Amino acid sequence: MSSKEEFLNNIRRHTVRTFPRPDLSHLEAEALTFADPVAQFAESLKQSGGHCIVLPEGKPLASAIAEAYPEAQRTACTIPTLEHPELLPGTVFDPDTVSLPADLNGTDLAIIESQLGVAENACCWIEQHVRYRAIYFIAEALVIVLRRQDIVNNMHEAYRRLPDTPSVPFACFISGPSKTADIEQALVFGAHGAKDVTVILI
């Protein structure tokens, strides 16, 4: 048993009173909705410092990635079914083949998938289906592949649609490149994660 599992089991054993989840239906009824969630997602992503590409019909995904990041020298690809991987920029590798998370340092570009996107804030739900989740944060740039039909209006809808995958050890929302505004009220990108994020809608 890992230290995390031991910690959580201790909490469960010492929980003597539980409370039902609150009814948030009145908030959900007032939540933002959009006539075109895809267009709103793209606009929200732009406002958060990211880029959105709607993949044209018939264009290979790998070709669009190569055009967006032609100077990448070391590319990690977590999508085993990606067609035409020879079109990807730089040296392409499977991040699951490295021995240690530190071996992922120096990755210029990581290509990952999202199962859910949120139009109001451009959040993308990322589940860990790789050996080391460090790849999501250590790469200089991220390409997130998301299906257009998997975009919902708001976080209320997103939480209702979160996949029930208890076997997944880690998951999080990512919205645009990492950023901080703690220092002298200046917005800094790439503070503790990817400096650049592109979401490709397929």
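Guide: A residue is called buried when its relative accessible area is under 20%, exposed when that value is over 50%, and partly exposed in between, with a 1.4 Å probe and protein chains only. Helices (H or I, at least four residues) and strands (E, at least two) are DSSP runs, numbered from the N terminus. The model is predicted, so local features need pLDDT of at least 70 and side-chain atom pairs count only at pLDDT 80 or more, whereas totals for chains, interfaces and linings use all residues. Residues are numbered from 1 along each chain as its sequence is written, and side-chain values use heavy atoms, with hydrogens and water left out.

Lys-59 and Glu-67 form a salt bridge, with the closest N and O atoms 2.7 Å apart; the term denotes a side-chain nitrogen of Lys or Arg within 4 Å of a carboxyl oxygen of Asp or Glu. Glu-67 is exposed, at 53% relative accessibility, while Lys-59 is partly exposed, at 27%.

The wider chain provides the setting. It has six helices and 12 strands, and 38% of its 202 residues are buried. Among contacts with a separation of 6 or more, 71% join residues 24 or more positions apart. The C-alpha trace spans about 55 × 45 × 45 Å along its principal axes.

Beyond its neighbours within four places in sequence, Arg-74 is in contact with several residues, including Thr-91, Phe-93, Asp-103 and Leu-109. Arg-74 is partly exposed, at 24% relative accessible area. Its C-alpha lies 22 Å from that of Ile-126, a residue 52 positions away in sequence.

The structure holds five salt bridges. In one of them, the side chains of Arg-160 and Glu-28 meet at 2.6 Å, N to O. This pair links distant parts of the chain, helix 6 (residues 155-161) for Arg-160 and helix 2 (residues 25-29) for Glu-28, 132 residues apart. Arg-160 is exposed, at 54% relative accessibility, and Glu-28 is partly exposed, at 32%.

Another salt bridge joins Arg-161 to Asp-150, with the closest N and O atoms 3.7 Å apart. Arg-161 lies in helix 6 and Asp-150 in the loop between strand 7 and strand 8 (151-152), so the pair ties together parts 11 residues apart in sequence. Asp-150 is buried, at 8% relative accessibility, whereas Arg-161 is partly exposed, at 42%. Arg-147 joins Asp-150 and Arg-161 in a network of salt bridges.

Ala-122, although not a glycine, has a positive phi of about 60 degrees. Ala-122 sits in the loop between strand 5 (116-118) and strand 6 (124-127) and is buried, with a relative accessible area of 0%. His-84 likewise is not a glycine and has a positive phi, of about 55 degrees. His-84 belongs to the loop between strand 2 (74-77) and strand 3 (91-93) and is partly exposed, at 38% relative accessible area.

Key:
Contact means heavy atoms within 4.5 Å.
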